[in-house]
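Morning, everyone, and thanks for making the time. Let me put the model up, and then we can walk through it together.

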Amino acid sequence: MADTGRAAGARPVVPRQTPSTLGRLVATVERLREEVRAAHAAADGRALIELAKGILIGRLHCTPAAAARQLDELCRQSGLSPLELAADIVNQAARDQLGEAAAEFVERIGAPSAASDPAAVRLRTAESGALAAGDTQAVAESLLTNALAPLGAVAVAVWTAVPDGSLTLAGHAGFPAEEAARWRHVPPGVSTVARLALRERGPVSLAGTDRDGPPSIGRTQWPDGGRMAVPAGTGGRIHGVLEVCWPRPLPPQPPQVERQIETLAELCAHTMELWPPHGPSRTEAVLPDVVELIDLSEGLHDPAMVLTPVLDHAGRLVDFRIRHVSSTFVDPVGRPRGDVGGALLLEAYPMAAGDSGLFDTIERVHATGEPFRAQRMNLTALVDQVPLTTVADISISRHGAAVLLIWRIEDETARLASLLQHAQRLGRIGGFEENLATGVITWNAQLYALHGIPPTAPPVPLRELPAYAHPDDSAGLGRFLRTVLRYRRPASVDFRFRRPDGITRHIRVIAEPVLDSDQRLHAVRGACQDISSQHWTEVALAATRDQLAHTEAESAERSRLALQLQQAIMPPTPRAIEAPGLRVAVRYRPAETESLVGGDWYDTVILPSGLVLLSVGDIAGHGIEAATGMVVLRNALRGLAVTGAGPAQLLSWLNIVTHHLTKQVTATAVCGLFDPRTRVLRWARAGHLPPVLLRGGEATAFPLIEGLLLGALPEAVYAEREARLEPHDTLLMFTDGLVERRDSSVHDSLGHLMDAAADPAVDLDGLLDRLLADSRSDTDDDTCLIGIQVS
C-alpha cells in the first residue's frame with residue numbers, strides 16, 4: 001500500500017513503469033472500489049437493521065440495547081439473518097406497496113429464481129440506501145446494487161422530466177462516465193425509451209434495442225440488451241422515469257418483477273421531490289405558490305381557472321379542485337362564478353370526462369408538465385341534463401402543483417360575419433340596403449369591387465341602374481324596379497352592367513322590399529352577383545349541346561344508311577338455295593345494337609361451270625366503312641369466281657382488292673367450290689375459322705391450313721385443300737360472331753359448337769336455328785351461318 005501510495009501521489013507521469021506495476025495499480029483501484037461498494041451495501045444494511053430496532057423500541061417500549069438483544073433473539077429463533085428479519089419487521093410495520101411487492105415476489109416467484117437474497121431484503125435495503133442518500137445519483141447506485149443487480153440488470157438511469165419537454169439525467173449507475181455525460185440532457189422531441197414511457201404514462205418493456213428501435217443511454221455498450229422504463233410519479237404527477245438496462249435480450253417478465261420495478265420508480269419519485277434538479281430548466285420554481293397563480297389569472301383578459309389535484313387515500317389522482325375562477329370568467333352555459341369556484345372539476349363539468357378528452361388532457365399536463373394548446377375545441381356542459389357545446393381556444397399549463405386553464409369562447413357573431421364575407425368574396429356577391437326615407441345607401445366592400453368604383457365613391461341608387469345597363473336590357477330592369485318599388489314584391493333580374501372603366505359584366509340583382517309598421521315601403525335590401533363566368537359557361541354549353549346534337553344526328557344517319565345497305569345485301573332470313581345434289585340454308589343475325597353494324601357477309605351462288613361458290617367473310621370494324629367494304633369484297637369474289645380459278649387463287653386476288661381498292665380494311669374469309677357431280681369440296685381460308693363437318697352424328701373441324709387475313713400485305717399466297725363429302729353430310733361455315741366469347745379461347749368456343757352440332761336434328765333449318773339459339777357468344781357482333789347438306 002505504501003508503494004502504491006507513492007506511485008499514485010507522484011504528479012509527473014511515470015515513464016519507466018513496468019506492465020506489472022501498472023497491473024498492480026489497476027487491481028488496487030478496483031479493489032478499493034469494491035470495498036467502497038461493500039461499505040455502502042453494509043451501511044444500507046445497517047440502516048435497515050437500525051430501522052427495525054426503532055420499530056421494536058416503539059412497540060416494546062424498551063431501550064435501544066434491549067431492542068438489539070430482542071432482535072438477536074428473534075434471529076436465533078426464526079433462523080433468519082438480521083437483514084431478513086429486519087426487512088420482515090419493517091414490512092409488517094409499514095404495510096406499504098414496497099412490502100406488498102416483496103411478498104408477491106416471494107410467494108409466486110421465489111427468491112432463488114432471481115437472486116440469492118429474499119426480495120424483501122433487497123427492496124428494503126434499496127429503500128434504506130435511497131433514504132440515506134444525499135442526491136439522486138446515490139439513489140441510483142443503491143437501487144442497482146441492492147435491488148436491480150440481483151434481477152440481472154447491469155445499469156440504471158433516473159430521468160427527471162422538465163416541463164419544457166426535455167429530460168435530464170438526474171442519476172445513473174452502471175454506465176460509463178463518458179456515456180452518462182453524453183446523455184446528460186435530452187432535448188424535447190427526441191423519442192427515447194424514457195420518453196416513450198413518459199408519453200404512455202405506464203411501464204414500457206423492450207426485449208432488445210435493435211437499430212430501428214428508439215435510441216437510449218447505454219445502447220453502444222449493450223446493443224442487444226433489454227430495457228424497461230417506468231414513470232416515476234407521486235400524487236398524480238410524473239416527476240421522471242426510471243430506466244433499467246439488461247445486457248442481453250429481456251424475456252417477458254412476470255407481473256411480480258414489474259411490480260417491484262414500479263415500486264422502485266415510486267421511491268425515485270419521492271427522492272426527486274426532495275432533491276429536484278437545479279438550473280434554468282426548472283421552470284416550476286417560477287410560480288411555487290397557488291396564490292401567485294391566482295394573481296396571475298386575474299391579470300389575464302381571457303377567462304381562466306386555477307385547478308389543484310385531488311388525491312384519494314392511496315395517493316392516486318381522482319379529480320381537480322377549482323380553486324379560483326378569474327373575474328373575466330365566462331361559464332359556457334351562463335352560470336355565475338360562485339356556482340363554479342370551489343367545486344370539483346368533474347362535478348361542475350361532468351362532460352369533461354367524455355369524448356372531448358378535456359379531463360384527460362388536464363391530467364396529462366399535470367402529470368408531465370408539458371403545456372397544451374388547441375384551437376376550436378368543443379366544450380360541453382349539461383344544462384337540465386341537456387348537453388350544450390361551445391367552441392373555444394384552450395390553453396393548459398402546469399405551475400408548481402397547480403394547473404392553469406385558460407379558454408377563449410369563440411364569438412359566434414364575429415365568426416359568422418367572417419364566414420359571410422368569405423362566401424361573398426368567393427361567390428362574387430355584394431350586399432346592399434337602401435333607405436328610401438333618408439336616402440342612405442349601405443354597400444359592403446365586395447359591391448364596390450363589383451361596380452368597379454373605389455370605396456370612397458358614392459353608391460349607385462337602384463333607380464339609376466338603367467343608366468349603367470345595356471340598352472337591350474332596359475325593359476327587363478324597368479319591370480324589376482316596378483315589381484320591387486311599386487308592387488312591393490321580391491324580384492330579380494339579369495342584365496349587362498357597363499362599369500365606369502369600360503368593362504361590361506353580366507350582373508344578377510336580387511332585392512326585397514322592407515315595410516314599416518304601417519305596411520309602407522321603408523327600404524330595399526338585396527344582393528348583386530357577378531354571373532359573367534356563369535353566362536359564358538352557359539353560352540359555351542349551349543354551343544356544345546348544338547354541336548353534340550348535330551354529331552348525334554350524323555351518327556344516327558350513318559348507322560341507318562349502313563343498316564339499310566347491310567340488310568339490302570344480307571337479309572336476316574334469306575331463302576334456302578337448291579342446287580343439284582345439294583341443299584344450302586343460310587342464317588344471318590345482325591348485331592343487337594344499330595351502332596355496331598358490322599361487315600359480316602356470306603355468298604352462295606351456282607357458277608356457269610356448274611360449281612357452287614360457298615363463302616363467308618368478316619370485315620374488321622363496324623359502321624358505314626365496314627358495310628361498304630363488305631359489299632366490295634362480296635361482289636369482287638363473286639365476279640372473280642366466274643374466271644374458273646380455284647379457291648386459293650380467288651383469295652389471293654381478293655387480298656389484292658382488299659389492300660389496294662379499299663381504305664385501310666382488313667378481313668377474314670373462307671372460300672369453297674363444291675362440285676355436285678363428284679361431291680368434292682375445294683376450299684381455302686384467309687385468317688378465318690375453318691368449316692365444321694357433321695358426319696354420322698359426329699362433328700369435326702377442318703384443319704387450320706395456312707392463310708393470312710385479307711389486306712394485311714400487298715401480296716399473299718394461300719393454301720388449298722380438298723374434301724370429299726358423303727351423302728347426308730352437313731358442312732357448317734360461319735363467322736366468329738357465332739362462337740367468340742370474352743372469357744374463353746376460340747378453341748374452347750369452337751369445341752362447344754361442335755358438341756352442340758353433333759346432336760341429331762330433324763332437318764337442316766332446325767339445326768341452324770338451334771345453333772343460333774344455343775350460341776354462347778357475348779360480343780354482340782354480326783353472325784353468318786351457312787349449312788350445306790349433301791343429298
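On disulfides, meaning pairs of cysteine sulfur atoms within 2.5 Å, a search of the whole structure turns up zero. As a reminder, such a link is a covalent bond between the sulfur atoms of two cysteines. Buried here is under 20% relative accessible area, exposed is over 50%, and partly exposed lies in between, with a 1.4 Å probe and protein chains only.

Some housekeeping: this is a predicted model, where local features need pLDDT of at least 70, side-chain atom pairs count only at pLDDT 80 or more, and totals for chains, interfaces and linings use all residues. Residues are numbered from 1 along each chain as its sequence is written, and side-chain values use heavy atoms, with hydrogens and water left out.

C671 brings me to L651, which touches A669, C671, A684, R685, A686, L710 and Y718, leaving aside residues up to four places away in sequence; contact means heavy atoms within 4.5 Å. L651 also belongs to the largest nonpolar core, where, of 27 residues, W601, L613, I619, L633, L651, L710 and Y718 touch the most other members. A nonpolar core is a set of buried Ala, Val, Leu, Ile, Met, Phe, Trp, Tyr and Cys residues joined through side-chain atoms within 4.5 Å. Elements supplying at least two residues each include strand 19 (598-606), helix 18 (624-641) and helix 19 (647-661). Helix 18 gives the most, six residues. Helices (H or I, at least four residues) and strands (E, at least two) are DSSP runs, numbered from the N terminus.

Now, how many residues of strand 2 are buried? Six of the seven in 167-173, so strand 2 is largely enclosed by the rest of the structure. Strand 1 (155-161) pairs with strand 2 in the antiparallel sense over six bridges, and A157 stands opposite H172. Pairing requires at least two bridges found by DSSP. Strand 2 and strand 3 (185-186) also run antiparallel, joined by two bridges, with H185 in strand 3 as the bridge partner of T168.

Last stop, helix 9 (193-200): V193, A194, R195, A197 and L198 are buried there. Just after helix 9, R201 takes a positive phi of about 55°.

That's my tour; happy to take questions.
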